[in-house]
Amino acid sequence: MKKTLLKSAYDPEEFRKRGHQLVDELANHLAQSISGKPKKVLDWKLPEEERDYWNDFLENGEEDTLFTETLKHSIHVHHPKYVGHQVTAPAPITALTGMVSALMNNGMAVYEMGMASTAMERIVTGELCKKLGYNADSRGFLTSGGTLANLTALLAARKAKVAEDIWTKGHTDSLGIIVSEEAHYCADRAARIMGLGDKGIIKIPATVDFKMDTSLLDETLENAKLNGITVFAIIGSAPSTATGMYDDLEAISSFSKKHNLWFHVDGAHGGAAIFSEKYSYTLKGIENADSVVIDGHKMMMMPAITTALLFKDGAHSYSTFSQKADYLLGASEGEDWYNLAKRTFECTKTMMSLHWFTMFKTYGEGIFDEYVTNLYDLGRDFAEIIQKDPQFELALAPDSNIVCFRFKPHGISNDDLNTLNIKIRQQLLEDGEFYLVQTTLKKIFYLRTTIMNPFTTIDHLTALLEKIKTMGNSI
Ligand SMILES: *Cc1c(COP(=O)(O)O)cnc(C)c1O
């Protein structure tokens, strides 16, 4: 019995047949989604209802409808009316590289478990370092997501800047990092994982345009010192998640230099603007960062999840995890760039470099320029039409493709406006024609859009505003 099951599971002809069918189905889905014709981006259901559906499917569903049903019950990021969270509509070729990675399953921890993808990883991270303006001594690697990459960067920072041997002895001193209050929550989480506690996460208030108020840095550092906290790192957001505003990386860089702090740039979302001729100015100063994070699955058109972590001084990319695991990591002379598990939190990881390498090889870096520039342009155009419409309020002029606004008809109090916009967001979710999200800025509830799809046009966005008006006026 078992043998029959295994034989069927590994049957190459079965794989070929299903694979061809599936690629056809996915290509049809893609064509439909991109056309924007399907009435819904998301056919929203209550979580319990969805769980019941799949419980029933496991018992009674037709096996050959499994993938079709999965598509139907998932959000469609290639639909031009998807303007929600910051995951990209992946370039279809990266679905194919994902398939190669899944079937080959090269585990990447040591060189021979991923020869091609290890070499590719060295090459693509080298290209990214060059693009940042780093020199030949810089190095990087790929890891599973911005959250993990930010933690890894902070661990490297602590190793580099704190004199105690924390890896061996644990830490006794009070340590701290400086971030903007607008930084992604993963910075806070990373600091807590590292044992920094409440006191060690020193938050700088944001300016009116939601950037780190760098005029407060010196005073804040002084205060931390007086409280016995040794600050070792500062993080600039490029941009921050909620509003998409870029911190002043040049100011943060000078400050970090003056005080010998590690300067980390969280460019998970917008580090990719380094490829945009028009918008690379947003990252001025990034060339001085000790480390930089860029997500492939946000503004670089790749599937979740793949993140580049780049170090100005490549030596730091080796020193973070000097834990012994000799069975994997044979002692070697010279630079051991090809045994990746020495440098990443993960042991096994996917062949994620294949996405990056394939994008560079197939389209060249110009595709990232087009992608980022178009979407950032569209963010500005969208903001302009919001601003011109008296029934809407723009939260702030956007730096990127993240645009926050609210429906604001005349004569309604702030509290009522919050309630109204919360209702609008919920109705939009349940309606499913568009998908957007929300954020609260200084106690005001805003609708939040991230324009991630190169097929979204100003017409789709205008239609979204019309829909919100209709909904808002009938609540
Ligand atoms: C999305 C984001 C993260 C988290 O990255 P994941 O890849 O989702 O783990 C961190 N920082 C910023 C600024 C982000 O936008």
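**View 1. A salt-bridge network joins K81, D431, E433 and K467.** A salt bridge here is a side-chain nitrogen of Lys or Arg within 4 Å of a carboxyl oxygen of Asp or Glu. By this rule, the count for the structure comes to 27 salt bridges. Before you zoom in further, please keep in mind that this is a predicted model, where local features need pLDDT of at least 70 and side-chain atom pairs count only at pLDDT 80 or more, while totals for chains, interfaces and linings use all residues. Residues are numbered from 1 along each chain as its sequence is written, and side-chain values use heavy atoms, with hydrogens and water left out.

**View 2. D198 and R192 form a salt bridge.** Their closest N and O atoms are 2.9 Å apart. D198 is exposed at 60% relative accessibility, whereas R192 is partly exposed at 41%. For these terms, buried means under 20% relative accessible area, exposed means over 50%, and partly exposed lies in between (1.4 Å probe, protein chains only).

**View 3. K45 pairs with D43 in a salt bridge.** Here the closest N and O atoms are 3.3 Å apart. K45 is partly exposed, with a relative accessible area of 27%, and D43 is partly exposed too, at 39%.

**View 4. D295 and K298 meet in a salt bridge.** The closest N and O atoms of this pair are 3.4 Å apart. D295 is buried at 2% relative accessible area, and K298 also counts as buried, at 14%. Both belong to the residues that come nearest to the ligand, together with G146, T147 and D266.

**View 5. The ligand sits among 15 residues.** A residue counts as near if one of its heavy atoms lies within 4 Å of the molecule. By class, this shell has 3 nonpolar, 9 polar and 3 charged residues. Helix α7, residues 146-161, gives the most to the shell, with 3 residues.

View 6. The protein covers 88% of the 380 Å² of accessible area that the ligand has on its own, computed by the Shrake-Rupley method with a 1.4 Å probe.

**View 7. C404 is in no disulfide.** A disulfide is a pair of cysteine sulfur atoms within 2.5 Å, and the structure holds 0 of them. The cysteine sulfur nearest to C404 is that of C186, 18 Å away. C404 is buried at 2% relative accessible area.

Conventions
Helix = DSSP H or I, 4+ residues; strand = E, 2+ residues; numbered from the N terminus. Nonpolar A, V, L, I, M, F, W, Y, C, P; charged D, E, K, R; others polar.
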